[in-house]
Number of protein chains: 2
Amino acid sequence: MNSAIIAVGTELLFGQTVNTNASYLSMKLNQMGFNVMYHYVVGDNPDRLRDTLERAFALCELVILTGGLGPTQDDLTKELVSEYMGAELEIDERVMAELREFFDARGRVMTENNIKQAYLPKGCIPLYNRTGTAPGFVLTRDGKTAICFPGPPHEMKWLFENGARQYLESLSSKSMYYKVVRTIGIGESDLETALLPLIDEQTDPTIATYAKEGECTLRVASQRDTPEEAKEAVEEMLSKIDEIVGRYIYSYDDEELNEVVVKLLADKGLKVASCESATAGMFSSYLADVPGASSVLGGSLVTYSDESKTALAGVDKSVIEDKGVVSPEVALQMAEGARRVCESDIGISVTAYAGPDIPEGYAPGEGYVGYSYGEISGTIHLRGMRNDRFRNRNFYKMTMLRIVYELASKGEVTFR
Amino acid sequence: MNSAIIAVGTELLFGQTVNTNASYLSMKLNQMGFNVMYHYVVGDNPDRLRDTLERAFALCELVILTGGLGPTQDDLTKELVSEYMGAELEIDERVMAELREFFDARGRVMTENNIKQAYLPKGCIPLYNRTGTAPGFVLTRDGKTAICFPGPPHEMKWLFENGARQYLESLSSKSMYYKVVRTIGIGESDLETALLPLIDEQTDPTIATYAKEGECTLRVASQRDTPEEAKEAVEEMLSKIDEIVGRYIYSYDDEELNEVVVKLLADKGLKVASCESATAGMFSSYLADVPGASSVLGGSLVTYSDESKTALAGVDKSVIEDKGVVSPEVALQMAEGARRVCESDIGISVTAYAGPDIPEGYAPGEGYVGYSYGEISGTIHLRGMRNDRFRNRNFYKMTMLRIVYELASKGEVTFR
């Protein structure tokens, strides 16, 4: 079944709010086997919302709307959807009672405009809201279904899980199953080229590649008559993909590299410490994005200047002078220093010229990652992404994570 | 002028990627005086993209597209926009040369599909991409303008700032002049309330407030017959604003707080060092986003664990035991430790419970920032944003920057 998502709210068109509702709902709808054909964002404007509703229903049987259900004058979604579907609004006594209770409990007077929220279209399935004051609803007519949610993401999610999901499951005819695989160390076009025979010969499962910052993801999806068939088709395809590009895959479940690394280190009981020059803490703060990273992050030394490399990580001043601060020798001493000073199992470092100013004799973005773990130590020569500071630093960070991932999972670094 | 934004990419309809490009562009377009009427998201599907293009241009003279410019088969935006505008595609020699250079520099073979990126519509204004391989472009016909950007947000932003912005500024018939003022330490509704007399009495310049993560921005815009008149009107308004909320303003030129702080420290010849627990390097890496930060960043100690606070920053073990690791005493010793160990003028620290797990006796997100500069030292008690790890850590980082900004600019911390 084809579906569209309409987000209503001028704040989205001003760029003040990011439309995370659309991505949440898209993921859920896809997982349930609905095709999401379009996202629309419109302001709090009756003509444009009316127009968008007509447009969406011309193409899709299911239209999901978020926002515009609140008590203020510019909240118009319920009124316009009801009008479009030919349903009158009437007071819902349960919502009315809950509203009174809500305001009583807070000792606040319920202003007149709040009563607006107690009206629902006749014949709808109400989605009673335990997380806010505005209810959502499902309204069906002539094979068209509209589902309206309030705009605040946590209210929308709660009503999706507690009401809308059950309704949607009853609508779906086919079963969709998909997996998102994450790779690192291979570019999007190389990945596509490597998988072209698989991509070309298949209509289901479908394979799609997506470039993300510093890595590539791969989505394998199947729509079949039963969930089991869809799952089997995806798994069969995954094993073919694994044979071709398995060495670049770090997650078969759409996990971020930092989550994978934190979990891996925690499982093995290992601590990592970093000594960061160009990334200046990006590696350690990225690891700490994951709750529970404290058990695996031994510490980090941000040594942006030459002096701090010596003072904090114990890098020989003479080595910096002889070999240059961006050299394999310095990278290695930084990794060893971090490991020693932070009393950790793995030391990882980076020293590089991220740009925009690159000293003579170095390529833009050139640098070294150093690593030290047990008896293993070494350096990786980095060749940056042009003279783009942002991308270079992100690339260094991802390379550091990739090395830690390899050291912890395989006990060696397999790439050069 | 009315505008619409079309994001192209099946990954958006699958919910794998959030459409942050639309909010970024919306904010910029609004700041420049364009009305953003619609956002659309369509998949990598020629018919639907064609249809959406027609739809958008029926309502708007300016349509901005993001995504679908890459090397793979499903990248269709350039082809369809050119077809719609009646322009042929031809090889752009500069892009071709840059592509070859890009692959040569990495010692990689350029696969055939990459050549696709060197084609641009005849008669377009190319937006040469220094941050990736796919160029963008501006294409105009019969009073309609399409601007195409690659999908990766940092590439889109770079091309917006380095090419598209100048073009858009030239589109406006009246002379628009605007300034974006950045504030920190005041909420959006307080800011609006403070400026209400100015907002109410004015039709031009217009004043608009926008809430961002951890700060608020203010746009003051005027449209007059000449650039001089517009500029004068904006500057007059800015001086009135300055009288009311000047103490919260850190930039009159839409600069990021990290840029402002790096510039300020460099001007004063000061070095800052951080000791970071909950932020784990976010402060130092955010400073190092700014080229030239090496001269002002003395170093940083990431001390996520109790032991590392003692080992790296010399925090008394007994103080951690007596007062708790999240305490003003520990925050202060961390700041002093960072300043001492990294031989810097200013020491700044954070120790906090970012969530999701908060020990009993602490509020979600509760913590302390410590600072030390010359004879001045102290702590700020942090009260977090609910139990939201992401927002809390960002709030800590911004608070640290705000304190460094005040110390370096005023020699004191004026807020509590």
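I began with helix H2 (residues 20-31) of chain B, which lies across E1, E2 and strand E3 (62-66) of chain B and runs at about 160° to E1(B). Helices (H or I, at least four residues) and strands (E, at least two) are DSSP runs, numbered from the N terminus. Axes are lines fitted to C-alpha atoms, for helices over the stretch in contact, and angles run from 0 to 180 degrees between N-to-C directions.

I then looked up helix H3 (residues 46-59) of chain B, which packs on the sheet at about 170° to the direction of E2(B). H3 touches strand E2 (35-42) of chain A as well as E1, E2, E3 and strand E8 (144-149) of chain B. I took two residues as in contact if their C-beta atoms, placed from the backbone, lie within 7 Å.

I noted that this is a predicted model, in which local features need pLDDT of at least 70 and side-chain atom pairs count only at pLDDT 80 or more, while totals for chains, interfaces and linings use all residues. Residues are numbered from 1 along each chain as its sequence is written, and chains are lettered from A and ligands numbered from 1 in the order in which they are written.

Next I traced the sheet. It is open, with 12 strands in the order E6(A)-E7(A)-E8(A)-E3(A)-E1(A)-E2(A)-E2(B)-E1(B)-E3(B)-E8(B)-E7(B)-E6(B) and mixed pairing. Strands pair if DSSP finds at least two bridges between them. Strand E6 (125-127) of chain A and strand E6 (125-127) of chain B stand at the edges with a single partner strand each, so one side of each lacks a neighbour in the sheet. The twist averages 15° from one strand to the next.

Val8(B) stands opposite Val42(B) in E2(B).

I also checked where the two chains meet. The contact takes 66 residues from chain A and 65 residues from chain B. On the chain A side I recorded 32 nonpolar, 23 polar and 11 charged residues; Ala, Val, Leu, Ile, Met, Phe, Trp, Tyr, Cys and Pro count as nonpolar, Asp, Glu, Lys and Arg as charged, and the others, Gly among them, as polar. Strand E14 (residues 297-302) of chain A is joined by three bridges to strand E14 (residues 297-302) of chain B, and the two run antiparallel. Val302(A) stands opposite Ser300(B) in E14(B).
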